[in-house]
Amino acid sequence: MSAIDRYVSELSARLPVSAHRLVHEARDHLAEARDRFVREGLDPDEAEARAVTELGDVSDLVAAVRRDGSPVLSPVVTKWMPRLAFVCVLPALAFLMVNVIEWLAGNDGGTGVFGSSLEGWTGILNGVVGVGPFVALVLILAPAVRVEAIRTETGFDTGVHVRLSWRQTVLAIVTGILALGVALYLLSENGVVMLPESWDIW
Amino acid sequence: MKGGEALKGHLDTLLLAVLARGDAHGYALIEALKQQSDGTFDLPEGTVYPALHRLERQGFVRSSWEKESPRKRRVYAITRQGRAALSSGRAEWAGFVRAVSAVIDA
């Protein structure tokens, strides 16, 4: 096994799965460095050894990744989450829009896209409307969950943190309000929850 | 002060400054840092990749696999947010230099 293969193999074994893109980048970096040193006159084995030395110890690289924090979910998965969140929230947005249109048209008591019943097929569809925003909220928040190394008096400990960008924060708040609003409406229309009469704006 | 020690805390700004001049993959970025600093910033090369990944998570750079390369190569580009962060980093550095100069030259 060459020096580069050994290095990449050890890096692959020690990095968290979510940071595995770094393995490909390290391999490309080492190959590039090796080719350059060979052009400068080193023999291939010496060139590989020097490339590995200049990249730095595997332990230091893994420690740097851990210090910066690894997302709990792989970027391959989280890449799709914002789009899925949008799909989940679409029925609730349609529901809200229909109610607003009916209210503006002067119709008393918005009935929602599918009526407000929670029974039968209508109930299933309204369930999707009601649950969708909660699922979207999870999809918005999940990519922000990170496992990080926290410095303690004796070394490092592992902690779970949630770090939201301002965009994620705004989306989470808006989706949360939508989720609560739609859920309360559907539950109150079906007598599961009793809301004060003053809340009945329809 | 050795180059590596002086670099701590400013690596992100330096990487953004290099990327502001053109897209690059990790190896090219490190070589550009060395050349543009006349060899002063000769840092452990591996430290650049976690920094680039952090900048990407923060939205300051974006990356993609380069299709034309024979090897699987990740190319980084600065974003609009990254340019704003770079401006902020430059201002912070200018302030730092002014403060140090004021003390040293006093």
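Which residues does Ser63(B) touch, not counting residues up to four places away in sequence? Select Ser63(B) and show its surroundings: the partners are Arg21(A), Glu56(B), Arg74(B), Val75(B) and Tyr76(B). Keep in mind as you click around that this is a predicted model.

**Stop 1: around Ser63(B)**

Ser63(B) sits in strand β2 of chain B, residues 61–66. With a relative accessibility of 15%, Ser63(B) counts as buried, because the cut-off is under 20%. Now turn on side chains. Ser63(B) makes a side-chain polar contact with Glu56(B) at 2.7 Å, and another, at 2.8 Å, with the side chain of Arg74(B). Stay on Glu56(B) for a moment and look across to the other chain: Arg21(A) forms a salt bridge with Glu56(B), the closest N and O atoms being 2.7 Å apart.

**Stop 2: the interface**

Looking for polar links, you'll find twelve residue pairs in polar contact between chain A and chain B, both residues at pLDDT 80 or more.

**Stop 3: helix α3(A)**

Next, select residues 44–55 of chain A, which make up helix α3. Highlight Ala47(A), Glu48(A), Ala51(A), Val52(A) and Leu55(A), which are buried. Look down the axis of α3(A): the buried residues fall within an arc of 130°, so they line one face of the helix. What do they pack against? Show α1 (3–14) and α2 (21–39) of chain A, together with α4 (48–57) of chain B.

At the start of α3(A), a side-chain oxygen of Asp43(A) comes within 2.9 Å of the backbone nitrogen of Asp45(A). Just after the helix, Gly56(A) has a positive phi of about 110°.

**Stop 4: a few salt bridges**

Over all chains, the count comes to 15 salt bridges. Start with Arg14(A) and Glu10(A), whose closest N and O atoms are 3.0 Å apart. Both residues lie in helix α1 of chain A, four residues apart, or about one turn of the helix. Arg14(A) is partly exposed at 32% relative accessible area, and Glu10(A) is partly exposed at 36%.

Then jump to chain B and select Asp12(B) and Arg54(B), a salt bridge of 2.5 Å, N to O. This pair links distant parts of the chain: Asp12(B) is in helix α2 (residues 11–20) and Arg54(B) is in helix α4, 42 residues apart.

Last, pick Glu66(B) and Arg73(B), which meet in a salt bridge at 4.0 Å, N to O. Glu66(B) is partly exposed at 31%, whereas Arg73(B) is buried at 12%. To finish, select Arg36(A), Glu40(A), Glu31(B), Lys34(B) and Glu45(B) together: salt bridges that share partners join them into one network.

Note on methods. Residues are numbered from 1 along each chain as its sequence is written. Chains are lettered from A and ligands numbered from 1 in the order in which they are written. This is a predicted model: local features need pLDDT of at least 70, side-chain atom pairs count only at pLDDT 80 or more; totals for chains, interfaces and linings use all residues. Side-chain values use heavy atoms; hydrogens and water are left out. Helices (H or I, at least four residues) and strands (E, at least two) are DSSP runs, numbered from the N terminus. The expected span of a helix is 1.5 Å times one less than its number of residues. Buried means under 20% relative accessible area, exposed over 50%, partly exposed in between (1.4 Å probe, protein chains only). The arc is that of the directions from the helix axis to the C-beta atoms. Contact means heavy atoms within 4.5 Å. A polar contact is a pair of N or O atoms within 3.5 Å; within protein, one must be able to donate a hydrogen and the other to accept it, and residues adjacent in sequence count only if both atoms are side-chain atoms. A salt bridge is a side-chain nitrogen of Lys or Arg within 4 Å of a carboxyl oxygen of Asp or Glu.
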